[in-house]
Amino acid sequence: MLVQDRNNGVPKSPKQTNPTSKTSSRTSRTKNLEFPQWILDNLYKIITIFLLISTIVIFFYLHNSSNSTNTTTLFCLQSTQTHVIRPEFPRIKWNNVPVITDMGTRYANFRSEKWIVVSVSDYPSNSIRKLGRIKGWQVLAIGNSRTPKDWNVRGIIYLSLDMQAKLGFRVVDYLPYDSYVRKTVGYLFAIQHGAKKIFDVDDRGDVIDDDIGRHFDVELIGEGARQEVILQYSHENPNRTVVNPYIHFGQRSVWPRGLPLENVGEIGHEEFYTEIFGGKQYIQQGISNGLPDVDSVFYFTRKSGLEAFDIRFDEHAPKVALPQGMMVPVNSFNTIFHSSAFWGLMLPVSVSTMASDVLRGYWAQRLLWEIGGYVVVYPPTVHRYDRIEGYPFSEEKDLHVNVGRLTKFLVAWRSGKHRLFEKILELSYVMAEEGFWTEKDVKFTAAWLQDLLAVGYMQPRLMSLELDRQRASIGHGDRKEFVPQKLPSVHLGVEEIGKVNYEIANLIKWRKNFGNVVLIIFCSGPVERTALEWRLLYGRIFKTVIILSNQKNVDLAVEKGNLDYIYRDAPKIFDRYTSAEGFLFLQDDTILNYWNLLQADKSKLWIANKVSKSWHAIPLANQSDWFVKQADAVKKVVATMPVHLQVNYKETTKGDDTLTICNSEIFYVPRRFVSDFVDLVNLVGKLDMHHKVAVPMCFTAMDSPQNFDSVLNSMVYKNKPPGNLTTIYSAEAPAIHPWKVSSEQEFIKLIRVMAAGDPLLMELV
């Protein structure tokens, strides 16, 4: 090609080029070159091309080799560097964001202060048409790739994908085409067109009595505002970071989407509330009758067959506020945002679909405290219809894996920035670092904040954070009582007829007694069938329920453990709950009748040392090698024990010719013995010591058995389970062993027999 081009008259020098005439090109003097001369003249070109081709070949070779199993050292280093790369922090010139005006729609001059924003994927529903008839509110429908092209309802503004693209918003570049999170465009459009209040809803709910202001506080200032104090959850327990608001409104066994799974068993009502002056409830979460906002775990396990949910809440219960340091799940189905909280409308784009609005809610609540605002939950404002098509668990995966950790992280987070938008961007960045969402949402946040400024939104001023102040103790006169009704509900296929006596004094007493005790359960059975049930059963009573199993299950918050060496997991759990009063270990083949433990001393060790079938000393003579090796391991540990532990142990044991064995189905370690237990576990180290040997060794070293609390010595204990388990159950015993639970049906049977000691358990089944 080079020779051919030159024969066509390509000039030797650019100076000889005459681009104005093809004729002159043809008549220009040609030069006959021999091949060697041509090589010399074009040597630099040949070298350049050769280097370029070599570079490309090397690149593809290395690229392919990096994907093979024979990874080179170079790419091992490259891979390592990839994992430590942090998200890039966006740099924004806050004072130089250009204005965006509506130049692409026919609504450029339209203004309204009250907007309803809804995502639509199908032809208009009856609920959508009813929303369009609510006086004083403008409905804005946001389309996606599934929305019919001819979608139209008179009086409702509809933004198709094409119209959204023409609005000029930065956020459009990050939005998926087929998701409700495209509502983010709608929020900006409403703000651009004069919004002061935005009602965030979905398309399958009817506003009760077609009156949004019936319960919601649509006006916070001026003549239409309700000048009243609002009931508020107590901040007395600083470790309580999230609550289930459904309990307050009469449904104790229902939980909202976004509530951490470890909290679903907390069904006791509040001992007391406090009060706060209204006016800064910038985010208002409404309760939904019919199908409330529940997660897929509740939806697919709390009913039988294909009947639709129709759950009702107490419409007369007072609205309730959340103090700083305490959060509640907030959704995009039935929520009002006032202008001071418009920045909190952003729906993240890098998380699973049904996690987006919940993560937004927690993120926004934390930032709301920076401007002195708070969330208030309201009695039923919407009736949502159950179409019997729950969302798959996979669309909520980011909830069940991360949300418990997220609430604790947010409460602890602090920022030194001096403007709200700077704090918002910083929090989004740190949340990406922590893995709650990805770098895409950091960039999305930057685009969102710039779009807010571009449509004329003024960021609110910061207020001092109440969390950092020393809170006054709550006096008797400041305590406000409200006992929720217990309304009929339908779940697990069982209907409660009429109103039931909601006296739960016993439950409150048990919760007070064990509310700061951590329960650790080892599940030998299938956790996907039982983990949630154990949390439902015991989570009502204990501070938290940690579930260990041979197989880790992040979706169900099940941690990996090994029953043979269960004691080795104790130190990391102790470190996690430094304020806990004690730790109760339980195997899932043993049932705990917690109501019979009230008299136990929580400052003492508990173990079944007087139950001969569980705890016994075995002579080593004529025993197998396993027992001899275990005894040798014990001797090694005892020889290295500190003096106080070694003295205790030797005063208790019968000598080196026996080995104490305990099946350790249940035992309790109080706070004052935690450090000793950790020291003993560290002394065992990597020695192959079974938990049946290690646990009794630790207990006899920590204290004399005569000082153990005797509460477990009256437990029912059988070596083998009978054909009918109910024959060995006793509501008067502190614990029962063995008992098998490997399915929801077996769990229901267990609950029914345990109801003899705790009648309120029947509401779980």
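Biologist: What is the relative accessible area of Ala557?
Modeller: Ala557 counts as partly exposed. That class lies between buried (under 20% relative accessible area) and exposed (over 50%), with a 1.4 Å probe and protein chains only. The value for Ala557 is 29%.

Biologist: What kind of model is this, and from which number are residues counted?
Modeller: The model is predicted: local features need pLDDT of at least 70, side-chain atom pairs count only at pLDDT 80 or more, and totals for chains, interfaces and linings use all residues. Side-chain values use heavy atoms, leaving out hydrogens and water, and residues are numbered along each chain as its sequence is written, from 1.

Biologist: Between which two strands does Ala557 sit, and what is its phi?
Modeller: Strands are DSSP runs of E, at least two residues; helices are runs of H or I, at least four; both are numbered from the N terminus. Ala557 is in the loop between strand S15 (544-549) and strand S16 (558-560). Its phi is positive, though Ala557 is not a glycine. The value is near 55 degrees.

Biologist: Ser664 also has a positive phi. Is Ser664 buried or exposed?
Modeller: Ser664 lies in the loop between S21 and strand S22 (666-670). Its phi is about 55 degrees. Its relative accessible area is 3%, so Ser664 is buried.

Biologist: What share of the chain's residues is buried?
Modeller: The chain has 22 helices and 24 strands. Contact means heavy atoms within 4.5 Å. Of the contacts with a separation of 6 or more, 78% join residues 24 or more positions apart. Of the 765 residues, the buried share is 54%.

Biologist: How many residues of helix H8 are buried?
Modeller: H8 covers residues 183-192 and is mostly covered. Its buried residues include Tyr187, Leu188 and Phe189. After H8 comes Gly194, with a positive phi near 95 degrees. The count for H8 is 10 of 10.

Biologist: Which side chain makes a polar contact with that of Thr105?
Modeller: Thr105 is in the loop between helix H5 (73-84) and strand S1 (114-119). A polar contact is a pair of N or O atoms within 3.5 Å; within protein, one must be able to donate a hydrogen and the other to accept it, and residues adjacent in sequence count only if both atoms are side-chain atoms. A polar atom of the Thr105 side chain lies 3.2 Å from the backbone nitrogen of Tyr107. The side-chain partner, at 2.5 Å, is Asp102.

Biologist: Beyond four places in sequence, which residues does Thr105 contact?
Modeller: Thr105 has 11% relative accessibility, so it counts as buried. With neighbours within four places set aside, its contacts are Met163, Leu167 and Phe189.

Biologist: How far is the C-alpha of Val171 from that of Met346?
Modeller: Val171 is in the loop between helix H7 (161-165) and H8. At 0% relative accessibility, Val171 counts as buried. Beyond four places in sequence, it touches several residues, including Thr184, Leu188 and Trp448. Met346 is 175 residues away along the chain, and the C-alpha separation is 9.7 Å.

Biologist: What is the geometry of the Phe574 and Phe677 pair?
Modeller: The structure holds 35 aromatic pairs. Rings of Phe, Tyr and Trp (its six-membered ring) pair if their centres lie within 6.5 Å; planes under 30 degrees apart are stacked, over 60 edge-to-face, and the rest tilted. Phe574 is in helix H17 (residues 570-576) and Phe677 in helix H20 (residues 674-684), 103 residues apart. Their centres are 5.9 Å apart and their planes at 75 degrees, so the pair is edge-to-face.

Biologist: Which ring lies under the charged end of Arg479?
Modeller: A charge sits over a ring if NZ of Lys or CZ of Arg is within 6 Å of the ring centre and within 35 degrees of the ring normal. The charged end of Arg479 sits 4.1 Å from the centre of the ring of Phe272.

Biologist: Which residues touch the most other members of the largest nonpolar core?
Modeller: A nonpolar core is a set of buried Ala, Val, Leu, Ile, Met, Phe, Trp, Tyr and Cys residues joined through side-chain atoms within 4.5 Å. The largest core has 110 residues. Its largest share, 9 residues, comes from helix H13 (residues 420-433). The residues touching the most other members are Ile198 and Trp343.
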